[in-house]
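Work through the exercises below with the sequence and the structure at hand. Try each task before reading its solution.

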Amino acid sequence: METIPCSIPVNVGFTVPSKVSRANKPETTLVKVGDSEFGGSGIVIIAGPCAVESQEQLFVTARSVNNSGARILRGGAFKPRSSPYSFQGMGEEGLNLLSMIRSETHQPVVTEVMDTRQVEMVAEYADMLQVGSRNMQNFPLLKEVGMSKKPVLLKRGMMATIEEFLNAAEYILNQGNENVILCERGIRTFETSTRNTLDLNAVPMLKQLTHLPVIVDPSHGTGIRWMVAPMAKAAIAAGADGLIIEVHYQPETALCDGHQSLSLDEFEELMRGLKKIAEAVGRSIS
Ligand code: PEP
Ligand code: MN
């Protein structure tokens, strides 16, 4: 059973934008990506490398996470990097690799789109479009993905409040695309021991305020490999509808985010652990 938020109105000190508001649509929106459904009683796990780096890296990783039970494959072809000298992603070649492995494993693919000019092209390859943290308030991009027919994975801006996050989603819904999944991925705080502070408060709060499904990214939320499993479990216990987890076949050689990527074996072990947590909160891993 899905955790139904209680009907007690919460006074959050702002008005929840109308299209995303649960007050205007009490039942959770089910967002379908391939055969998977976000927002129902099943919890959907997305896994794969931070970035597509090569055919071998992607295919070995994708086959393994598929066997371990991940329902959707992640992999960035266009990477938002802090330094212009860091690996920027393989671009369309990376998208092509994602669609090649999809025809083998039948796993739908989610990949990031960073620019309005890329939306049409990325949508030709992807099953779901990711709008990353750095672009959460890129309003032209939000409008453009809102005009696309593809589901959108909207990641919380690293400095965004819940109000700003909900308004960003409203931009997408306003263009007629209701298939939006919200992703809590950690926010910047004064804490320096972790890359970000995973705001698990956001999970029950968002579930209360909006009918959109909510998932959690414990990889970016912590930035530390050994912290991914405990925070993934905590996210499910807090009511998340899914997880997105970075996995790499050789994390130590990864071109992007290797320090927070699980190995293939670590991911398999985590999937076993997640089943028990899901059962404990009356849900299942779908
Ligand atoms: C990612 O998913 O690899 C990514 C860049 O995430 P975020 O936008 O949350 O930083
Ligand atoms: Mn990453």
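Helices (H or I, at least four residues) and strands (E, at least two) are DSSP runs, numbered from the N terminus. The model is predicted: local features need pLDDT of at least 70 and side-chain atom pairs count only at pLDDT 80 or more, while totals for chains, interfaces and linings use all residues. Residues are numbered from 1 along each chain as its sequence is written, chains are lettered from A and ligands numbered from 1 in the order in which they are written, and side-chain values use heavy atoms, with hydrogens and water left out.

**Exercise 1.** Find the element that holds Glu-124, and state whether Glu-124 is buried or exposed.

Solution. Step 1: Glu-124 sits in helix α3, residues 119–125. Step 2: recall the classes: buried is under 20% relative accessible area, exposed is over 50%, and partly exposed is in between (1.4 Å probe, protein chains only). Step 3: Glu-124 has a relative accessible area of 62%, so Glu-124 is exposed.

**Exercise 2.** Which residues of helix α8 are buried, and what do they pack against?

Solution. Step 1: α8 covers residues 225–237, and its buried residues are Met-227, Val-228, Ala-232, Ala-235 and Ile-236. Step 2: look for contacts (heavy atoms within 4.5 Å). The buried residues of α8 pack against several elements, including β3 (42–48), β10 (242–246) and α9 (264–280). Step 3: just after α8, find Gly-239, which has a positive phi of about 110°.

**Exercise 3.** Describe the salt bridge between Arg-102 and Asp-127.

Solution. Step 1: a salt bridge requires a side-chain nitrogen of Lys or Arg within 4 Å of a carboxyl oxygen of Asp or Glu. Step 2: the closest N and O atoms of Arg-102 and Asp-127 are 2.7 Å apart. Step 3: Arg-102 belongs to helix α2 (residues 92–105) and Asp-127 to the loop between α3 and β6 (128–131), so the pair ties together parts 25 residues apart in sequence. Step 4: Arg-102 is buried, with a relative accessible area of 19%, and Asp-127 is partly exposed at 22%.

**Exercise 4.** How many salt bridges does the structure hold, and where do Arg-283 and Asp-241 lie?

Solution. Step 1: the structure holds eleven salt bridges. Step 2: Arg-283 and Asp-241 form a salt bridge at 2.8 Å, N to O. Step 3: this pair links distant parts of the chain, with Arg-283 in the loop between α9 and β11 and Asp-241 in the loop between α8 and β10, 42 residues apart. Step 4: both Arg-283 and Asp-241 are buried.
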